[in-house]
Protein chains: 6
Amino acid sequence: MILLTRKAEFSASHYYWNEVWSAEENARVFGKCANRNGHGHNYTLEVTVAGDVDAVTGFVVDLKQLKDAIEKEVVSVYDHRHLNLEVPEFRATMPTTENIAVAIWRRLEGKIPRAKLYRVRVYEMPDLFADYTGA
Amino acid sequence: MILLTRKAEFSASHYYWNEVWSAEENARVFGKCANRNGHGHNYTLEVTVAGDVDAVTGFVVDLKQLKDAIEKEVVSVYDHRHLNLEVPEFRATMPTTENIAVAIWRRLEGKIPRAKLYRVRVYEMPDLFADYTGA
Amino acid sequence: MILLTRKAEFSASHYYWNEVWSAEENARVFGKCANRNGHGHNYTLEVTVAGDVDAVTGFVVDLKQLKDAIEKEVVSVYDHRHLNLEVPEFRATMPTTENIAVAIWRRLEGKIPRAKLYRVRVYEMPDLFADYTGA
Amino acid sequence: MILLTRKAEFSASHYYWNEVWSAEENARVFGKCANRNGHGHNYTLEVTVAGDVDAVTGFVVDLKQLKDAIEKEVVSVYDHRHLNLEVPEFRATMPTTENIAVAIWRRLEGKIPRAKLYRVRVYEMPDLFADYTGA
Amino acid sequence: MILLTRKAEFSASHYYWNEVWSAEENARVFGKCANRNGHGHNYTLEVTVAGDVDAVTGFVVDLKQLKDAIEKEVVSVYDHRHLNLEVPEFRATMPTTENIAVAIWRRLEGKIPRAKLYRVRVYEMPDLFADYTGA
Amino acid sequence: MILLTRKAEFSASHYYWNEVWSAEENARVFGKCANRNGHGHNYTLEVTVAGDVDAVTGFVVDLKQLKDAIEKEVVSVYDHRHLNLEVPEFRATMPTTENIAVAIWRRLEGKIPRAKLYRVRVYEMPDLFADYTGA
């Protein structure tokens with residue numbers, strides 16, 4: 001078994017806000033992220049798949065298919081979007097780095113021919129990232 | 001004369017939209033950036049100052065004063081903000097990388113003790129940046 | 001379960017020297033690192049915690065608490081210090097990248113509210129790093 | 001147990017081509033990589049070893065021995081070479097990122113004194129890498 | 001006046017060889033680069049243009065036009081190619097980092113609407129790059 | 001004319017301290033850097049030379065000669081050293097990033113065959129660097 005990882009990028013806006021709480025409570029828990037005008041990031045995504053190396057091609061996964069799946073399932077939906085306002089899974093779920101990693105896993109699972117999705121890593125900034133492995 | 005450069009970062013939202021144009025014209029010129037829900041970036045800022053090295057301290061500029069000026073004049077105003085909606089200079093001016101570099105120059109000019117502001121570089125993404133030198 | 005990683009940095013001096021050995025033996029084993037005047041590095045630290053995502057906040061860990069724990073337990077003690085001379089755990093233990101990772105684990109264990117410490121990675125330079133997972 | 005990772009780099013040419021297939025089939029499967037004049041990359045290699053920290057030296061592995069093994073077994077053979085034409089293991093095996101990781105594992109296994117080879121990671125480009133752990 | 005820089009990447013093979021010299025002389029001058037099977041790199045290209053900021057759009061240059069010019073004039077010709085064998089300007093000129101920078105300048109000059117080409121920077125590796133400004 | 005830049009790295013210790021001042025004054029001006037046990041950095045050095053491209057070799061400078069000059073004149077003297085205690089030019093001059101850039105310029109000037117030294121850039125950390133051009 002071998003792992004293959006491909007990176008991709010998207011730029012998006014988000015904010016953290018709990019409708020049930022007061023403005024003060026939101027500010028206390030979420031700090032500057034509670035600004036409802038939104039702020040944004042250049043997110044970096046690492047998608048890792050696992051599998052056997054095909055004896056003829058030398059590939060675990062067709063790179064073009066992997067790239068296309070990431071583009072179609074994730075980047076085309078998240079890039080240059082406001083995650084809270086435009087991406088369905090974040091209407092009722094906070095678009096934290098953790099939840100974005102889980103959401104991308106769910107979007108990609110079963111969409112990559114031949115190989116098994118192994119890990120999704122999302123960088124919100126170069127010094128903060130989340131990993132999800134589906135369990 | 002020697003140059004000293006300090007980097008800083010801020011995360012912000014923006015969009016490109018010309019009120020005078022139709023939605024079609026905005027989409028044609030600005031592409032995905034015309035989405036009025038906004039999208040965002042991790043901006044990286046490089047502030048370069050020029051001057052003589054002080055014979056006693058070995059400094060062109062007091063690093064703490066430089067850091068404080070960048071924090072006070074730029075980061076505290078831009079970070080976790082929606083540039084179009086919350087930063088005055090972008091109410092009527094498009095917050096492009098070019099215009100952000102010019103705006104930061106104007107905010108910092110004359111605010112750094114002892115050294116002369118030499119160049120402002122702004123990265124919108126790792127593969128796109130603008131330089132402004134005040135002229 | 002999800003993993004969340006936060007990076008931090010500190011700059012410090014160190015040297016490698018075994019009091020029991022001759023100068024020749026120290027030079028043979030530790031090479032340039034045996035220089036007792038010390039040399040230094042910009043260390044990069046990655047602290048990974050594991051846990052469930054809180055359904056309300058979307059967080060595995062309160063980022064501010066994580067950042068504060070790293071600052072208080074590690075950065076305030078190691079940054080701009082000579083590790084051999086000023087940090088207690090390196091009085092009798094060589095401050096190698098491996099041992100620094102173990103020492104940081106011990107400093108952070110039990111100090112991060114809610115989440116479980118999962119891994120400590122320390123880069124001495126961009127091309128050399130150690131990982132410790134507590135076992 | 002602790003992990004220690006050392007990076008190294010080599011620049012090499014390669015192409016993907018299956019002699020059994022037609023030119024059309026090679027182009028369909030391998031795209032631009034099927035150009036038989038070859039193209040090239042700056043590969044980055046991460047070699048991770050596992051072991052106990054030596055109580056006296058503080059090392060999992062003698063860094064000089066690790067560096068020398070990577071240089072002798074891998075870099076001196078791959079660097080500034082055409083992988084298909086000059087490296088024996090790629091005469092009959094496609095030099096994909098996956099297969100290069102496996103080949104480097106086989107070259108290094110048993111050649112690093114004291115520590116156990118734990119993982120080989122190969123970056124073909126900053127946004128594409130493969131991991132092999134020997135099983 | 002403001003500068004705007006856009007990065008792009010291409011992967012290519014090359015070698016250094018002077019037909020007039022003996023193999024010994026080529027090896028003496030060009031070292032490992034004289035291997036005629038070729039070796040390769042992930043080149044990074046920075047294209048800088050200069051101009052006034054358009055008062056309406058906030059742009060020095062239409063980013064899509066800049067990106068398209070780089071793609072059409074450079075990347076589509078150099079990427080996944082053997083520079084000596086497949087790119088006309090390197091049939092009789094050594095594809096050194098310096099000469100590649102000059103060649104890219106000549107390919108791009110006059111092809112970028114509105115702005116003036118200001119500088120071409122080419123990285124052969126992260127620790128080696130050349131700058132050409134047309135004079 | 002073309003510019004060619006080569007990077008190198010060295011790890012060293014330093015501190016900032018003015019013998020004429022009290023401990024309080026040193027702490028006030030130099031902050032954490034006034035710790036006389038020293039602290040350290042992974043310095044990155046960029047040496048830029050200028051010249052015409054040789055019509056036969058395609059080089060502005062012989063890369064091996066450039067690398068050797070940087071190694072001999074700078075890295076072998078600074079790497080794994082305590083700058084204040086072991087490098088002559090910093091006995092009486094503060095080893096700030098600015099002064100290190102000037103000192104490296106003086107060490108390299110006239111030592112690089114064929115090309116002209118154009119600029120020395122020194123990074124003390126990724127977010128702080130100084131440029132010196134000899135005037």
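Tyr132(E) stands opposite Ile2(F) in strand β1 of chain F. This is a predicted model in which local features need pLDDT of at least 70 and side-chain atom pairs count only at pLDDT 80 or more, whereas totals for chains, interfaces and linings use all residues. Residues are numbered from 1 along each chain as its sequence is written, chains are lettered from A and ligands numbered from 1 in the order in which they are written, and side-chain values use heavy atoms, with hydrogens and water left out.

The strand pairing around Tyr132(E) is described next. Strand β5 (residues 128-132) of chain E and β1(F) run antiparallel and are joined by 5 bridges. Two strands are taken as paired if DSSP finds at least two bridges between them. Helices (H or I, at least four residues) and strands (E, at least two) are themselves DSSP runs, numbered from the N terminus.

Chain A holds 4 helices and 5 strands, and their order from the N terminus on is β-α-β-α-β-α-α-β-β. Taken along the principal axes, the C-alpha atoms of chain A fill a box of roughly 60 × 25 × 25 Å.

The interface of chain F with chain E comes next. Contact, defined as heavy atoms within 4.5 Å, involves 16 residues from chain F and 19 residues from chain E. The size of an interface is often given as the accessible area lost when the parts come together. Here buried area is the accessible area (1.4 Å probe) that two parts lose on being put together, summed over both. For chain F and chain E it is about 1,500 Å², with 59% of it on carbon and sulfur atoms. On the side of chain F that touches chain E, the largest share, 6 residues, comes from strand β1 (residues 2-14) of chain F. That side has 10 nonpolar, 3 polar and 3 charged residues, where Ala, Val, Leu, Ile, Met, Phe, Trp, Tyr, Cys and Pro count as nonpolar, Asp, Glu, Lys and Arg as charged, and the others, Gly among them, as polar.

A salt bridge requires a side-chain nitrogen of Lys or Arg within 4 Å of a carboxyl oxygen of Asp or Glu, and across the interface of chain F and chain E the rule finds 0 of them. The same interface has 7 residue pairs in polar contact, both residues at pLDDT 80 or more. A polar contact is a pair of N or O atoms within 3.5 Å; within protein, one must be able to donate a hydrogen and the other to accept it, and residues adjacent in sequence count only if both atoms are side-chain atoms.

Chain D meets chain E through another set of residues, beginning with the counts. In this contact, 21 residues of chain D touch 21 residues of chain E. The area buried between chain D and chain E is about 1,700 Å², of which carbon and sulfur atoms give 44%. On the chain D side, Asn37(D), Asn42(D) and His80(D) lose the most area to chain E, together 34% of what that side buries.

The rule finds 2 salt bridges across the interface of chain D and chain E. Lys32(D) forms a salt bridge with Asp79(E), with the closest N and O atoms 2.5 Å apart. This pair runs from the loop between α1 (23-30) and β2 (39-51) of chain D to the loop between α2 (63-78) and β3 (81-82) of chain E. Between chain D and chain E there are also 20 residue pairs in polar contact, both at pLDDT 80 or more. The elements that give two or more residues to the side of chain D that touches chain E are β1 (2-14), β2, β3 (81-82), α3 (83-86) and β4 (116-125) of chain D. The largest share of that side, 4 residues, comes from β2(D). By class, the side has 5 nonpolar, 11 polar and 5 charged residues.

For chain F and chain E, a turn of 120 degrees and a shift of 0.0 Å along the axis give an RMSD of 0.0 Å. That is the relation of a three-fold axis. In chain F, the C-alpha nearest this axis belongs to Pro126(F), 8.3 Å away.

Some pairs of chains do not touch. No contact joins chain C and chain E, whose closest C-alpha atoms lie 13 Å apart.

Definitions and conventions:
Copies are superposed by least squares on the C-alpha atoms of residues with pLDDT of at least 70 in both.
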